[in-house]
Amino acid sequence: MSDLFSKFDPLINERADLLATGVRDPFAIVMQEVKSPTVAVIDGRETILLGTYNYMGMTFDPDVIAAGETALRKFGAGTTGSRVLNGTYQGHKECEDALKDFYGMSHAMVFSTGYQANLGMVSTLAGKGDFIILDADSHASIYDGCYLGNADIVRFKHNSAEDLEKRLRRLPPEVGKLVILEGVYSMLGDIAPLKELVAIAKAQGAMVLVDEAHGMGFFGEHGRGVYEAAGVADDVDFVVGTFSKSVGTVGGFCVSNHPKFEILRLVCRPYTFTASLPPAVVACAATSIRKLMHAGAKRERLWDMSRTLHSGLIARGFRLATDSCESAIVSVLMPDQETTVRMWQAMLELGVYVNMSRPPATPAGVFLLRCSLCAEHSAAQLETVLERFVMAGAAVGLFAEAA
Amino acid sequence: MTNRAQVYARIIELIEPLNPKKLALAEDTSFAGDLEMDSLTVMDLVASMEDEWDIVMPLNMLPDLETIGQVADAVTKLVTK
């Protein structure tokens with residue numbers, strides 16, 4: 001009998017070799033206590049969280065928690081049902097209303113996760129005979145949406161307007177086309193030139209979907225995302241997003257002005273064939289979204305913190321994935337897997353948690369120590385973080401290698 | 001007019017930089033098994049072939065294209081269509 005797990009042997013062996021060097025597993029962290037959006041206890045040690053995507057620090061917002069507690073008592077722990085059967089409560093509609101108000105759009109659909117929102121929208125919008133044209137560095141949920149659907153998939157070079165245009169021009173003019181873009185690309189923290197990309201997509205007769213998972217809350221006048229900041233709101237057909245970043249809970253959504261949008265509730269399988277979000281979660285989300293409409297001061301603080309970390313790391317000799325601070329993600333380029341894990345562990349032992357990212361999640365085979373900022377980070381915390389980066393870098397010989 | 005022999009020869013040239021172990025390339029050389037290419041490398045190779053012949057090779061075609069010979073057949077078909 002052939003063992004179905006044999007195909008995982010290369011990865012199992014790679015991990016065993018790595019762990020044999022004495023480092024701990026970077027993908028098996030347990031947070032014993034979470035004290036605030038920026039502090040948790042890991043291995044009994046109070047740790048600054050610098051890799052949570054909790055951009056606006058809404059996880060412990062008192063109004064958000066109060067709304068969740070009330071809904072939990074009033075509506076119970078779960079819906080035990082699909083959105084199209086018994087799983088749509090008052091709270092789900094209120095959450096969709098909050099999204100419509102936040103985005104100024106006429107339709108909103110709430111999914112159980114951000115992953116499912118992309119899986120559902122991508123696989124359902126483009127069918128057999130249609131084309132999906134996606135950025136090469138798209139998130140796994142977008143690629144998986146492609147594989148779940150039946151459209152033909154064409155990939156263009158990351159953020160290249162020229163390459164997008166070339167590939168769109170090769171397609172038959174009469175076929176349906178969906179161009180998929182992201183506002184912020186989460187690995188390197190770079191943003192898309194949406195003004196150019198959306199203009200090309202529209203000129204070639206494509207519909208446009210933009211994933212604003214990492215842009216919601218602090219890009220653009222209303223915090224809608226990079227597409228708003230780029231001034232292309234009227235040309236974007238679908239915005240996909242998540243509640244698990246700036247909103248501070250879990251869930252996914254799509255908003256649109258398309259007049260036939262509501263039919264998706266019946267034809268989008270990752271929406272229809274799964275249980276809806278628990279009442280407490282949609283209540284937290286709706287409250288958080290409404291608060292994010294008036295979060296100007298938090299937005300400013302988040303940008304301020306992001307720029308401080310970016311310039312501070314550059315000043316201390318680290319190589320970053322972007323020359324300037326483009327988003328609330330600051331990624332430090334690392335030379336190889338072993339140095340990355342050792343440095344990640346050194347940071348953790350010094351009380352700072354960052355994300356370790358490795359291929360295939362990262363583009364171009366790079367290894368990263370990825371930081372994401374929170375509006376609730378204090379200036380003192382960032383000072384500590386910068387100091388610990390220098391200590392950890394020295395401990396693993398990072399600067400010697402770079403020299 | 002581009003014929004299959006020309007397509008095959010050019011594909012070999014395009015693969016050569018992605019063949020660090022300098023395996024002897026043949027019709028039945030497989031991308032995943034023999035050349036040990038990961039999916040990202042395969043997708044980049046597809047992009048270069050699309051540009052070379054000004055064709056569209058959707059990614060969903062890839063699972064059926066395991067060997068260099070199969071890719072040469074597919075490209076030839078697209079070019080002469």
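Trainee: Which domains does the assignment give for chain A?

Mentor: This is a predicted model, and in it the domain assignment of chain A gives domain 1 as 19–56 + 296–402 and domain 2 as 61–292. The centres of domain 1 of chain A and domain 2 of chain A, taken over C-alpha atoms, are separated by 27 Å.

Trainee: How many residues of domain 1 of chain A are in contact with domain 2 of chain A, and which helix and strand of chain A each supply at least two residues of the side of domain 1 that touches domain 2?

Mentor: In this contact, 20 residues of domain 1 of chain A meet 17 residues of domain 2 of chain A. On the side of domain 1 of chain A that touches domain 2 of chain A, helix 12 (296–315) and strand 13 (329–334) of chain A each supply at least two residues, and by class that side has 12 nonpolar, six polar and two charged residues.

Trainee: How should I read a pair of packed helices?

Mentor: Two packed helices are described by the angle between their axes and the distance between those axes. In the present case, helix 3 of chain A and helix 11 (residues 279–292) of chain A pack at an angle of about 20°, with their axes 8 Å apart. Because angles under 35 degrees count as roughly parallel, helix 3 of chain A is described as roughly parallel to helix 11 of chain A, and the crossing of helix 3 of chain A and helix 11 of chain A is left-handed.

Trainee: Which residues of helix 3 of chain A meet helix 11 of chain A?

Mentor: From helix 3 of chain A come G91(A), H92(A), E94(A), C95(A), A98(A), L99(A) and F102(A), and the residues they meet in helix 11 of chain A include P279(A), V282(A), I289(A) and R290(A). The residues of this contact between helix 3 and helix 11 of chain A divide into 11 nonpolar, two polar and two charged.

Trainee: At what angle do helix 1 and helix 2 of chain B pack?

Mentor: Helix 1 (residues 4–15) of chain B and helix 2 (residues 39–53) of chain B pack at an angle of about 140°, with their axes 11 Å apart, which makes helix 1 of chain B oblique to helix 2 of chain B. Helix 1 of chain B passes helix 2 of chain B in a right-handed crossing. The contact is made by R10(B), I11(B), L14(B) and I15(B) of helix 1 of chain B, together with L45(B), S48(B), M49(B) and E52(B) of helix 2 of chain B.

Trainee: Is I153(A) buried or exposed?

Mentor: I153(A) is buried, because 23 other C-beta atoms lie within 10 Å and the cut-off for a buried residue is 20 or more. I153(A) lies in strand 6 (residues 152–156) of chain A, and, not counting residues up to four places away in sequence, I153(A) touches I132(A), L134(A) and C146(A) as well as P58(B), L59(B) and N60(B).

Trainee: How many residues does each chain bring to the contact between chain A and chain B?

Mentor: The contact takes nine residues from chain B and seven residues from chain A, and the side of chain B that touches chain A divides into six nonpolar, one polar and two charged residues.

Trainee: Where is S106(A) placed?

Mentor: S106(A) is in the loop between helix 3 (90–103) and strand 4 (107–111) of chain A. S106(A) counts as partly exposed because there are 13 C-beta neighbours inside 10 Å, and, leaving aside neighbours within four places in sequence, S106(A) is in contact with K100(A) and N257(A).

How values were computed
Residues numbered from 1 in each chain as written. Chains lettered and ligands numbered in written order. Predicted model: local features only at pLDDT ≥ 70, side-chain atom pairs only at ≥ 80, totals over all residues. Contact = placed C-beta atoms within 7 Å. Nonpolar A, V, L, I, M, F, W, Y, C, P; charged D, E, K, R; others polar. Domains from an automatic or database assignment. Helix = DSSP H or I, 4+ residues; strand = E, 2+ residues; numbered from the N terminus. Buried ≥ 20, exposed ≤ 12 C-beta atoms within 10 Å, placed from the backbone. Axes fitted to C-alpha atoms, helices over the stretch in contact; angles between N-to-C directions. Parallel < 35°, antiparallel > 145°, perpendicular 65-115°, else oblique. Left-handed = near helix turned anticlockwise from the far one by under 90°.
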